[in-house]
Amino acid sequence: MGYNFLEIEEKWQGYWAKNKTFHAKNESQLPKYYVLDMFPYPSGAGLHVGHPLGYIASDIYARYKRHKGFNVLHPQGYDSFGLPAEQYAIQTGQHPELTTKTNIARYREQLDRIGFSFDWSREVRTSNPDFYRWTQWIFLQLFHSYYDKTADKAKPISSLVEQFEQNGNLSVKAECAATVTPFTAEEWNGCTTSKKEEILLDYRLTYISETEVNWCAELGTILANDEIVNGVSERGGYPVTKKKMKQWSMRIGAYAERLLQGLATVDWPESLKEMQRNWIGKSIGASVRFPVEGHQATLEVFTTRPDTLFGVTFMTLAPELELVKKITTAEQKASVDAYIESTAQRSERDRMANVKTISGVFTGAYALHPLTQERVPIWIGDYVLAGYGTGAVMAVPCGDQRDYDFAKHFDIPIKNIFAETDISEAAYAEKSGGVKLQDSGFLNGLEYKEAMTKVIQHLEENNIGQGTINYRLRDAIFSRQRYWGEPIPVYYQNGLPVPLDEKHLPLELPKVENYLPTQDGAPPLGNATHWAWDVEEEKVVDNKQINHETVFPLEMNTMPGWAGSSWYFYRYMDPHNATAFVSKEAADYWKEVDLYLGGSEHATGHLLYSRFWQKFLFDLGHLPVEEYAKKLINQGMILGSSAFVYRKAGTQEYLSKGLIEGEQVEPIRVDISLVNLSDELDCEALKKWQPQFAEARFVLEDGVYKVGREVEKMSKSKYNVVNPDQICEDYGADTLRMYEMFLGPIEQAKPWNTAGISGVHSFLKKTWRLYHPNETFSVSDDAPSAESLKTLHQTIKKVTEDIEQFSFNTCISAFMICVNELSAQKCNQRSILEPLAILLSPFAVHLAEELWERLGHSDSVSTVSYPIFEEKYLVESSKNYPVSFNGKMRFTRELSLELSPKEIEEIILADEQTQKHLQGRTPKKVIVVPGKIINIVG
């Protein structure tokens with residue numbers, strides 16, 4: 001009876017579905033454990049072998065925890081709003097919902113085939129109205145809240161209104177817009193309703209304002225900084241420019257310090273924590289005010305080195321600051337305008353990364369130094385960003401290398417304020433080292449720390465600045481000019497947003513004929529004919545009824561891709577609740593995710609925004625914990641092995657890999673399905689694959705065409721994708737699962753090599769034969785040998801320790817060693833093979849179920865208690881001693897470990913093999929190291 005993996009896998013996948021084997025309970029006496037993967041976006045291409053890597057790892061751990069007696073929640077769903085479905089809708093007219101459903105069906109088919117223990121009864125889809133109803137609800141909570149700096153938490157906006165009514169905002173310490181001005185209770189109470197709403201927008205945690213955004217015309221939407229790579233959109237590689245637009249934003253900056261401090265409480269990769277720390281960008285320093293000469297304007301700059309204030313010789317502003325055009329002189333206007341236009345073509349990330357290119361333009365304007373009243377020239381430069389700090393920096397070229405290079409490049413004076421230092425070749429940027437200040441007025445003779453304290457005191461006493469903490473983290477742009485996203489539940493009255501009542505949620509996406517922006521530049525929802533809100537009827541009505549008295553236009557922007565993913569992990573706890581996004585009972589039971597797996601590319605996107613929403617919902621009492629994921633593992637990529645052919649320059653001749661040296665050739669990727677495991681190309685198939693190869697002439701080596709190989713990201717565009725369906729068909733899902741784990745540590749990137757999969761498949765067949773000697777299932781109830789018990793318990797110990805360390809690749813190695821040893825021992829004892837089947841079940845899930853059933857059990861192996869390691873079976877009672885003569889090993893002898901060195905010596909000297917080697921001679925010495933060696937010196 002052979003190992004028929006296709007039949008076995010289909011059988012047990014059907015069993016799990018029918019018996020709801022992996023359905024978790026929200027009430028249990030067992031300890032809970034919540035294992036979660038970052039849910040996938042269901043693309044049209046389906047899964048390739050790189051996608052399941054993290055899912056397999058999490059599934060192993062989830063199954064292991066079930067064996068260990070935990071009530072395990074291991075759900076799955078889909079991040080189903082996204083650009084690809086909308087781009088496809090633009091091209092074909094097919095509604096994104098239909099595309100998404102088709103893609104999800106394909107994903108589900110693939111996921112089921114790999115044998116994951118997901119609780120599909122809890123599936124979520126972010127594009128389903130019953131899900132995004134609660135995304136909209138969270139948006140409304142943010143809209144109705146502000147951040148109280150004194151309490152260091154979010155509070156209802158109604159409590160802020162009470163403060164305004166009684167005392168104005170004079171004593172209010174809240175996160176708000178920089179443009180907020182003081183007002184009294186009398187002034188507040190005298191405001192119109194519209195004016196009050198305008199003021200409250202400056203405090204709400206989600207608000208609408210004129211904001212400079214990253215605009216991608218090709219995609220018709222704005223992009224977050226983390227969606228831009230090298231100045232172009234991450235998706236599609238389209239140009240991105242700066243543009244002023246009215247946008248919804250969220251005050252994530254209010255949580256900057258708590259987001260930093262919270263990192264110390266979670267077991268996340270240190271590299272990822274550092275990425276978040278850098279993104280949040282905490283800086284301690286001072287804010288200093290520089291009046292602009294001849295203008296009613298003041299430049300406020302943030303600096304971490306106020307002690308170097310006397311070294312300022314110029315200022316640099318972000319080109320996009322509105323103030324730039326106001327202060328630029330007529331002589332400099334053309335140069336400034338050209339530079340501003342040039343800078344707008346580049347993303348902020350690109351500008352920050354490009355440290356080698358020095359560029360800038362003098363505005364013609366001057367600021368007045370707040371301490372000396374000297375004139376300080378004002379420049380603009382693309383290395384200064386409007387969104388970081390105030391968009392203005394004071395340049396101290398003697399103490400900052402970038403300022404130094406800028407000053408040298410444009411021949412700006414450099415004033416050395418550091419005593420006994422040489423700045424002829426570079427700036428002096430050290431903070432320590434005992435260097436004292438010079439030419440710095442009241443700071444002369446002071447070192448860094450003393451000078452910092454004294455200058456901040458002076459700034460505050462003279463009302464020209466103050467000590468402050470700054471964060472690079474900026475408010476998150478929340479709206480997108482797309483169709484396929486969550487509608488924002490507000491309408492507009494007198495130009496101001498008015499939130500829908502919660503009872504009207506979900507506000508569902510309307511049908512549209514065109515998924516592109518409208519002719520007048522409005523987002524795609526501007527194409528909807530029914531997208532107005534009747535406040536009397538309390539429902540969506542035809543746009544023609546808009547009268548701005550009882551019927552008002554609805555918001556035409558939608559939410560960004562990160563909205564649904566910022567809270568979905570709580571919906572899994574209580575997915576069918578119609579009255580709350582999660583019940584208190586479910587949240588209190590599951591609390592948080594115990595193990596979260598996903599890619600590090602989400603470090604400054606999803607993983608930051610979701611922590612922000614978590615802390616906000618915690619503040620309002622909706623959630624029991626402030627961090628949602630106790631442990632996070634970033635799985636590495638499985639890389640593809642791309643195949644290349646080499647076209648000789650200017651011809652249709654293609655040279656085999658071994659013939660290209662010294663030739664001018666163009667490497668061209670070809671589909672790896674056209675190449676065999678020996679890197680030999682099917683030339684005729686290539687000619688039919690793409691028209692560019694139809695006339696190809698192949699120059700062969702040894703009768704075949706050898707392709708070149710390069711390891712790179714697995715991607716459809718690189719033609720190096722390996723389909724897991726084919727692997728499952730040829731080798732089985734258990735082979736795929738174990739091979740992906742065998743490739744290397746879960747956190748590391750590793751190349752896929754289909755040729756290597758046969759080794760794992762052979763191991764599974766050998767495991768099958770261990771239970772089926774002579775092609776027939778056979779186990780014995782006889783007592784096992786000490787040797788077999790030792791092998792089993794060594795494996796239990798090793799595999800258990802490695803699972804706990806998430807070292808799954810070494811688990812596979814341990815299984816291979818175990819099966820080899822048991823096979824050599826001809827072991828078929830039930831007391832060995834039953835625990836082995838359980839031990840194997842988190843990895844080779846279908847095979848283990850089949851073996852468990854054949855061992856006579858009617859229940860699923862996934863519910864069985866984990867084997868217990870017993871140290872006693874590893875304690876050896878005897879030792880097979882190597883016996884050496886003058887250091888050369890001649891024979892071995894099995895002896896009890898309880899024997900003394902003297903007893904061992906007597907037994908060995910009496911051994912006939914010893915007598916044979918001594919040939920009657922008396923040895924000079926017998927060296928006995930108990931438990932190790934015996935050496936006879938002759």
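Does T21 count as buried or exposed, and at what relative accessibility? Keep in mind that this is a predicted model. T21 has 19% relative accessibility, and the cut-off for buried is under 20%, so T21 counts as buried. Its place in the chain is the loop between α1 (5-19) and β1 (32-37). Beyond its neighbours within four places in sequence, T21 is in contact with Y15 and W16, and also with S860 and S862.

Next, the nonpolar cores. The largest one has 104 residues. V645, L681, M738, W752 and F843 are those with the most contacts inside that core. The element that gives the most to this core is helix α25, residues 808-824, with nine residues. Take F843: leaving aside neighbours within four places in sequence, its contacts include F808, C811, I812 and F815. Also among them are I60, D734, R737 and M738. There is a second, separate core of 72 residues, and F131, Y207, W567 and Y609 are included in it.

Last, a sheet. It is open and has four strands, in the order β13-β14-β12-β15, with mixed pairing. At the edges are β13 (361-368) and β15 (392-395), each of which pairs on one side only. From one strand to the next, the twist averages 30°. Inside the sheet, β12 (314-317) and β14 (375-380) pair in the parallel sense, over three bridges. Helix α12, residues 333-343, lies across β13 and β14; relative to β13, the helix runs at about 105°.

Conventions: Residues are numbered from 1 along each chain as its sequence is written. This is a predicted model: local features need pLDDT of at least 70, side-chain atom pairs count only at pLDDT 80 or more; totals for chains, interfaces and linings use all residues. Side-chain values use heavy atoms; hydrogens and water are left out. A nonpolar core is a set of buried Ala, Val, Leu, Ile, Met, Phe, Trp, Tyr and Cys residues joined through side-chain atoms within 4.5 Å. Buried means under 20% relative accessible area, exposed over 50%, partly exposed in between (1.4 Å probe, protein chains only). Helices (H or I, at least four residues) and strands (E, at least two) are DSSP runs, numbered from the N terminus. Contact means heavy atoms within 4.5 Å. Two strands pair if DSSP finds at least two bridges between them. Axes are lines fitted to C-alpha atoms, for helices over the stretch in contact, and angles run from 0 to 180 degrees between N-to-C directions.
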